[in-house]
Amino acid sequence: MRRVVSLVPSLTEAVAVSAPGLLAGVTDWCTHPADLGGAVRIGGTKNPDVRGIVELRPDLVIANEEENRAPDLEALRAAGVEVLVTEIRDLPQALRELDRVLVGALGLTRPGWLSDAENAWARVEPVGPLRAFVPVWRRPWMVLGRDTFAGDLLARLGVRNVYAGHGERYPRIPVEELAAAACDLVVLPDEPYRFTADDGPEAFPNLPAALVSGRHLTWYGPSLAEAPAVLAGALRAAR
């Protein structure tokens, strides 16, 4: 396997760190690692340049069922491109899918960072129990709901997402309902919406706010190895 196009920032980092030079194309949102060599930018995760990808003549396109649109993936397949689609809803599934991509599909030796990630989460020490909600957007306010990778990571850290039982994965919840949810804190990641100390906490003046790294909360790749410590530190610093 020589030429890979990644439509998922997490998987881009996983491949680039494990096998530098394998990536022929990446999305505009692929920011890690900083040096992606000669990889061509092929648009966004939701609006990739399908023709441009086909012209790169990749041996494989790696995608995700949540981050990428089915019509784009079908168009690539119709053009004769092999597409591998991952599904990731919790940590064990993320580790299995990373193994499937890196070892199974790309034929790489299992990278050390993947074992480091497994070990780091196996010995994680919860900071809770804490009740929280986790906005991922505002205008309108949207939060983590059921079956999310980020929600699973927080649960392993002792943070119970009060909307984990919601019928939707990313429900829209009025800010007044969020403020009245009787939680211990609000968890505010810096992606996909970039919450900051000046943009987010003011909506919930009576709650401690944990400003967390979105990459460590939502990406499944090399960052998983340091995510327990990074996230736990941010949760403990909530104020």
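Start by selecting Val 5 and Val 61: Val 5 stands opposite Val 61 in S4. This is a predicted model, in which local features need pLDDT of at least 70 and side-chain atom pairs count only at pLDDT 80 or more, while totals for chains, interfaces and linings use all residues. Residues are numbered from 1 along each chain as its sequence is written, and side-chain values use heavy atoms, with hydrogens and water left out.

**Stop 1: strand S4 and its neighbours**

Strands here are DSSP runs of E of at least two residues, and helices are runs of H or I of at least four, numbered from the N terminus. Two strands pair if DSSP finds at least two bridges between them. Select residues 4-6, which form strand S1, together with residues 60-64, which form S4. Three bridges join S1 to S4, and the two run parallel. Val 61 stands opposite Val 83 in S5.

Show the side chains of S4. Five of its five residues are buried, where buried means under 20% relative accessible area, exposed over 50%, and partly exposed in between, with a 1.4 Å probe and protein chains only. Leu 60, Ile 62 and Asn 64 point one way, and Val 61 and Ala 63 point the other way. In a regular strand the side chains alternate between the two faces of the sheet.

**Stop 2: the four-stranded sheet**

Next, select S9, S6, S10 and S11. These strands form an open sheet in that order, with parallel pairing. The edge strands are S9 (159-161) and S11 (209-212), each of which pairs on one side only. From one strand to the next the twist averages 35°. Angles run from 0 to 180 degrees between N-to-C directions, and axes are lines fitted to C-alpha atoms, for helices over the stretch in contact.

Zoom in on S10, residues 185-189, which four bridges join to S11. Leu 188 has Leu 211 of S11 as its bridge partner.

**Stop 3**

Select helix H5, residues 112-122, and colour its buried residues: Trp 113, Leu 114, Ala 117, Ala 120 and Trp 121. They cover an arc of only 125° around the axis, which puts them on the same side of H5; the arc is that of the directions from the helix axis to the C-beta atoms. Among the elements that cover these buried residues are helix H1 (9-18), helix H4 (91-105), helix H6 (149-156) and H9. Covering rests on contact, meaning heavy atoms within 4.5 Å.

Move to H6. Six of its eight residues are buried, so H6 is largely enclosed by the rest of the structure. The buried ones are Phe 149, Ala 150, Gly 151, Asp 152, Leu 153 and Leu 154. Their cover includes H4, H5, S9 and H8. Gly 158 follows H6 and has a positive phi, near 90°.

**Stop 4: the largest pocket**

The largest pocket has a volume of about 1100 Å³. Of the 29 residues that line this pocket, select the closest to its centre: Thr 45, Glu 67, Glu 191, Pro 192 and Thr 218. The elements that give two or more residues to the lining are H1, strand S7 (135-137), H6 and helix H8 (214-218).

A pocket is an open set of points on a 1 Å grid over the protein atoms alone, where a 1.4 Å probe fits, with protein on both sides within 12 Å along at least five of seven lines; lining residues have an atom within 4 Å of a point. Grid points are joined across faces, edges and corners, and the volume is the space filled by probe spheres set on the points.

**Stop 5: loops**

Select Gly 128 and Pro 129, whose peptide bond is cis, with omega near 15°. Pro 129 lies in the loop between H5 and strand S6 (130-133).

A cis peptide bond also joins Arg 139 and Pro 140, with omega about 0°. Arg 139 has a positive phi of about 60° although it is not a glycine. Arg 139 sits in the loop between S7 and S8 and counts as exposed at 63% relative accessibility.

In the loop between H7 and S10, select Ala 182. Ala 182 has a positive phi of about 55° although it is not a glycine, and is exposed, with a relative accessible area of 59%.

Finish at Gly 165, in the loop between S9 and helix H7 (175-179). Gly 165 is exposed at 74% relative accessible area. Gly 165 and Asn 206 are 41 residues apart in sequence and 24 Å apart in space, C-alpha to C-alpha.
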